[in-house]
Amino acid sequence: MEELNKKSLSERDICTKFITPALVKAGWDIVLQVREELTFTDGRIIVRGQIAARSKQKKRADYVLSYKPGLRLAIIEAKDNKHAVGDGMQQAIAYAEALDVPFVYSSNGDAFIERDRTRTEGVLEREIPLDEFPSPEELWRRYSAWKDIGRPEQQAIVTQDYYTDASGKRPRYFQEIAINRIIEAVAKEQNRILLVMATGTGKTYTAFQIIWRLWKARAKKRILFLADRNILVDQTKMNDFQPFGGAMTKVTNRTADTAFEIYLALYQAVTGTEEEKKIYKQFKPDFFDLVVVDECHRGSAAEDSAWREILEYFKSATQIGMTATPKETTDVSNIEYFGEPVYIYSLRQGIADGFLAPYKVVRIDIDKDLAGWRPAPGQRDRYNNLIEDREYNRSDFDRTLVLEERTRLVARKISEFLKATDRYAKTIVFCEDRDHAERMRQALVNENGDLCAENSKYVMKITGDDKEGKSELENFIMPDSRYPVIATTSQLMSTGVDAQTCKLIVLDKTINSMTEFKQIIGRGTRINEEHRKLFFTIMDFRGATRLFRDPDFDGEPVQVYEPGPDESPVPPDDPTSEDEGGEIIVDPPPGGRAKFYVPGERVSVVSERVQYYGPDGQLITESLKDYTRQTVRASFASLDDFLRRWTSTEQKQAIIAEMGEQGVLFEALAEEVGEDFDPFDLICHVAFDQPPLTRRERASRVRKRNYFGKYGDEARRVLEALLDKYADEGVEHIEGLEALKVRPLDEFGSVSQIVKTFGGKQQYEEAVRELEAEIYGAA
């Protein structure tokens, strides 16, 4: 029998013939424990103009090995045999760090290079023969020793199965990391645990899997899940927590029923300022052995908060705090109470992975916001109140003084944006307070009278004091519900509202707290591809997006406020008094009106600019042309460099796709430069300042040179049809044999018949390359 030449084998052959058999020999179950070519990110969404496209660059591991489903142990990166055995190691390490996997392998089919991140064997990297790959039991033993979870009672907890059902839904890779780290922390008897996950990354589903596994393992038998919004509790019970069935109850009517095991509660419903309202005390202090606090940034770590009071009462229980925005001030600290986060999955990482929507920012500066406004001596407001004589600025407007024309201007700019994009795009307008939200509602109604006449719920105020508005909150967040379209609010919708299809977030309130800012931005970060929600826009009238410049905007928790000795530990923009919905209630100052209302004062827009969220997490202010020029020139040093690459590349589509991966959106660029230019001319014109030619102009030049004369009649007609197709649709539509299967080329016969006209497939492909050379020879 002829000896197998490994050097001739593809990477896939190496996997099938050498790596997979080595795993089977070591005792790995190929069906249950081995995943091949596992893609674990969705591909970053790139946005330019109103066009969004998913990058095809996704993270994909050749092999992921798990002890049990959800308990990943190892990564293997395979290479063909032309590579050295360790050539895949660096890529494998990057994937292993992302997946939180301790054992990393590279192989070319000759052997394995092992990198043991646990170092339990004393060696970081070593080569091992192909037939000595470690067994699942061996790697699990080393992993357990590294994590210090080797005792039988610990093993029973950490190996408890995840919840699965017929839907096949599984946690995403980062959710599995979060779940496993918390389960391991509980197994090691850590009683205060903090988890930080960006809004929109499935904290509630993550909490469900944590609770499910601990409950099923009987490590935790009675569990309290606390939230601060009624809709959060209801959503949790009806959706992610539904599998708990009859073992679960929601605490209502201020009564405590001890017959259940899983309790969902609105913290305002179980406590209060009066002792008889503190319903949680109907439970014994040791009744719960696990308390999970959702959105724990909302005061749970403050010494005097109701949350902290509940946590102190159930202090014998393991307590898990979950938040997208840990609060860190000099006197209020989630970290001080819960400890350092066991895991952080940031907004920046979520956008990079393609699980969260990127955004662009429209910053609008209003003249009075920048220059300030001062009343004339003795000037009175709409209600004949004497206006205090002082300088009013952006932080005063709509809090202590209302410029009515400013409200109308903001409503007009919002409406202009929606009319130019999508008038049914779900929109949240964040206002200073309830009064401002009501005035903004009226202004938006007047700007959109046609659609409000069709349906009175096109614009609605959704605040804690408005029963009718609050009743429409569920309709607003339901993807299939068209109305309401525009919601004005102050605080009620800033956290915990799962608005998957929200495409526009308007900031017309002063925001100084990083915590509140992250929560508000989080209303737009969810992706819903079915409803074409791939990105969102932030329209900023108050300069709030300056907080993007914080170097740790999406990173580690930051110090955002340092109160003095006599000041409240709660940041100034946090609620001073709350209703059950958690909304700010603005009380009038002693002895006077809450606000002055000034009619007729002219206001105008000073500047308006669009910014994009860049790959490094920073906002980029530039035009689409500027971005394209910068991106192309990063890949091609000069026009000659680009022309050489374009000419030498057999499939021009490869270059077009490569530029697309880097964020050059040719459709959006064509809209700006001209619809009749193909990607070649768009690049030459925008990046290298060359005069562009339309596709028809290029096709006409080819015909004038009588290029087709050397071909027979049938082949000439095919090439002329291809040239016409180029002129109509572009070069990417004439490459490959697929072009021969669609009109008008299919009229010449089957693919095999057409290529036979040229003497065969190779000759046909050469003819197409020559045609392309003629097309672009006129460059």
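Helices α20 and α21 lie oblique to each other. Angles under 35 degrees count as roughly parallel, over 145 as roughly antiparallel, 65 to 115 as roughly perpendicular, and the rest as oblique. The two helices pack at an angle of about 130°, and their axes are 8 Å apart. Axes here are lines fitted to C-alpha atoms, for helices over the stretch in contact, and angles run from 0 to 180 degrees between N-to-C directions.

The model is predicted: local features need pLDDT of at least 70 and side-chain atom pairs count only at pLDDT 80 or more, while totals for chains, interfaces and linings use all residues. Residues are numbered from 1 along each chain as its sequence is written, and side-chain values use heavy atoms, with hydrogens and water left out.

## The chain as a whole

The chain has 27 helices and 25 strands. Helices (H or I, at least four residues) and strands (E, at least two) are DSSP runs, numbered from the N terminus. Of the 779 residues, 54% count as buried; buried means under 20% relative accessible area, exposed over 50%, and partly exposed in between, with a 1.4 Å probe and protein chains only. A contact means heavy atoms within 4.5 Å. Among contacts between residues at least 6 apart in sequence, 70% join residues at least 24 apart.

## Helix α21 and its surroundings

On the α20 side of the packing, Phe642, Arg645, Trp646 and Thr647 take part, and they meet Lys652, Ile655, Ile656 and Glu658 of α21. These contact residues divide into four nonpolar, one polar and three charged. In this grouping Ala, Val, Leu, Ile, Met, Phe, Trp, Tyr, Cys and Pro count as nonpolar, Asp, Glu, Lys and Arg as charged, and the others, Gly among them, as polar.

Helix α21 covers residues 652-661, and its buried residues are Lys652, Ile655, Ile656, Met659 and Glu661. After α21 comes Gly663, with a positive phi near 100°.

## Salt bridges

The structure holds 60 salt bridges. A salt bridge is a side-chain nitrogen of Lys or Arg within 4 Å of a carboxyl oxygen of Asp or Glu. Three of them are listed here.

| Pair | N to O distance |
|---|---|
| Glu114 and Arg126 | 2.8 Å |
| Asp369 and Arg406 | 2.9 Å |
| Asp626 and Arg629 | 3.1 Å |

Glu114 forms its salt bridge with Arg126. Glu114 sits in strand β7 (residues 111-116) and Arg126 in strand β8 (residues 125-129), so this pair ties together parts that are twelve residues apart in sequence. Glu114 counts as buried because its relative accessibility is 2%, whereas Arg126 at 36% counts as partly exposed.

Asp369 forms its salt bridge with Arg406. Here distant parts of the chain are linked, as Asp369 belongs to helix α12 (residues 367-371) and Arg406 to helix α13 (residues 404-420), 37 residues apart. Asp369 is buried, with a relative accessible area of 6%, and Arg406 is buried at 1%.

Asp626 and Arg629 both lie in helix α19, three residues apart, about one turn of the helix. Asp626 is partly exposed, with a relative accessible area of 34%; Arg629 is partly exposed at 25%.

## The sheet and what lies around it

An open sheet of six strands has the order β1-β4-β5-β6-β7-β8, and its pairing is mixed. Its edge strands, each pairing on one side only, are β1 (34-39) and β8. Two strands pair if DSSP finds at least two bridges between them. On average, neighbouring strands of this sheet are turned by 30° against each other, direction ignored.

Strands β5 (residues 71-78) and β6 (residues 103-107) run parallel and are joined by five bridges. Ile75 has Val104 in β6 as its bridge partner. Helix α2 (residues 89-99) lies across β4 (60-68), β5, β6, β7 and β8, and runs at about 160° to β5.

Gln33 is found in the loop between α1 (11-25) and β1. Gln33 is buried, its relative accessible area being 12%. Neighbours within four places in sequence left aside, Gln33 is in contact with Gly27, Trp28, Val64, Leu65, Ser66, Tyr67 and Pro136.
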